[in-house]
Amino acid sequence: MATVNRVDLDGRQIKPMTICMIGAGGFIGSHLCEKILYETPHKILALDVYNDKIKHLLEPETLTWADRIQFHRLNIKHDSRLEGLIKMSDLTINLAAICTPADYNTRPLDTIYSNFIDALPVVKYCSENNKRLIHFSTCEVYGKTIGSFLPKDSPLRQDPAYYILKEDESPCIFGPIEKQRWSYACAKQLIERLIYAEGAENGLEFTIVRPFNWIGPRMDFIPGIDGPSEGVPRVLACFSNALLRREPLKLVDGGQSQRTFVYIKDAIEAVLLMIENPARASGHIFNVGNPHNEVTVRQLAEMMTEVYSKVSGEAALDVPTVDISSKEFYGEGYDDSDKRIPDMTIIDRQLGWNPKTSLWDLLESTLTYQHRTYAEAIKKVMAKPTSS
Ligand SMILES: NC(=O)c1ccc[n+]([C@@H]2O[C@H](COP(=O)([O-])OP(=O)(O)OC[C@H]3O[C@@H](n4cnc5c(N)ncnc54)[C@H](O)[C@@H]3O)[C@@H](O)[C@H]2O)c1
Ligand SMILES: O=c1ccn([C@@H]2O[C@H](COP(=O)(O)OP(=O)(O)O[C@H]3OC[C@](O)(CO)[C@H]3O)[C@@H](O)[C@H]2O)c(=O)[nH]1
């Protein structure tokens, strides 16, 4: 229920606001729209080129929150309505981006334009019109850990100083230019620097979010069902797709890279705290992740196989995974982050936020959703004879 008398972390009444949410039709945007509409009195101007993931919030128009969300189908690359919509709002949240690794090395120009050039007018309009901005960056700005450059058997690799990622201390370590994987991280880093400079020189009120592998329902697409057959989504959807089709999960370069995964619903709580506590959130860069949910990609595949078997009632394959080289899977120019553990000091101190959901629990609810949403459609597609 949307409560009107909401108070912030310092006991002050929160006034209802209008939020311009760019990229509202994506994975994170759809969850953020739900949270705002279900639990707050705020209004949303939802901007995106697609709205499939928020259709349930827009139709039918008799829904109790219908007057609090307005969808504007537009591409921020070239739409004169953008500045007006930012001016009408108290806060702008920019989520729009190309953010699937399969694109970084194969479409580096689109990636750089999307993550830097297209974000520029948003920053400019917020700065010129004295509007608050929450900008979505990424944990990828940290790149590789310092520890990854140490010899494999160095005891220093066990020292957190060499791998924990801190917003105000850790360096950003990318590979060479020919490793075009880093086009995304580099563009995100430059837009972070620009926003930071707008804050320092022109007083822009900003917050930068660095998500660490947020996962959950509605993430990306299942190839051949609600996305292109040849498309390569992020790992949750790649592995879900293989499980649904009863094919082995592909482990890129042996699945040795490590990630920490956070449940989307935990992470969205953090964003709502940022929205409603500007005095505590402004001027900060926040890691948002779950340091307790670390696995190698191989361990993720094993856990997903076990969880999927439980929620679907189907026995796991005898050979559940297969190794594949990054060149074969992603093409030339791929590279990887070795390990990503967020330091949580700043977000805990400023907003008192900590993640709650274990990896097992978040996979159980997410894979239950994947099975309910896609299993029948996959069966139908797989039963169709393929034309030769
Ligand atoms: N999901 C994560 O774990 C994660 C991790 C790190 C960073 N991020 C960042 O968070 C943001 C949102 O990520 P997501 O996972 O929801 O991705 P997503 O691809 O599901 O959502 C992005 C949305 O932006 C829209 N968009 C892209 N370009 C646009 C344009 N020119 N005009 C209008 N709309 C446009 C897309 O249509 C899409 O709906 C991105 O900036 C991403 O870099 C996400
Ligand atoms: O079938 C697959 C797909 C992927 N991998 C490997 O899994 C690791 C994680 O991959 P993914 O979730 O696709 O993306 P990254 O974590 O590398 O990057 C994302 O992090 C945040 C964000 O900015 C936005 O979401 C994005 O850049 C990776 O090691 C893949 O190689 C696999 O083995 N098999």
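These legends describe close-up views of two ligands in a predicted model. Residues are numbered from 1 along each chain as its sequence is written, and chains are lettered from A and ligands numbered from 1 in the order in which they are written. In this predicted model, local features need pLDDT of at least 70, side-chain atom pairs count only at pLDDT 80 or more, and totals for chains, interfaces and linings use all residues, while side-chain values use heavy atoms, with hydrogens and water left out.

**View 1. Residues around ligand 1.** The shell holds 25 residues, the closest being F27, D48, N75, Y184 and W214 (a residue is near a molecule if one of its heavy atoms lies within 4 Å of it). At least two shell residues come from each of α1 (27-39) and α7 (182-202) (helices, H or I, of at least four residues and strands, E, of at least two are DSSP runs numbered from the N terminus).

**View 2. Polar contacts of ligand 1.** A nitrogen atom of ligand 1 lies 2.7 Å from a polar side-chain atom of N75 (a polar contact is a pair of N or O atoms within 3.5 Å). Taken alone, ligand 1 exposes 820 Å², of which the protein buries 89% (Shrake-Rupley method, 1.4 Å probe).

**View 3. Ligand 2 and its contacts.** Among the 23 residues around ligand 2, Y104, E140, Y184, R234 and D336 come nearest. Side-chain atoms of Y184 and D336 each lie 2.6 Å from an oxygen atom of ligand 2. A backbone N or O atom of V252 is 2.9 Å from an oxygen atom of the ligand.

Note on methods:
A polar contact is a pair of N or O atoms within 3.5 Å; within protein, one must be able to donate a hydrogen and the other to accept it, and residues adjacent in sequence count only if both atoms are side-chain atoms.
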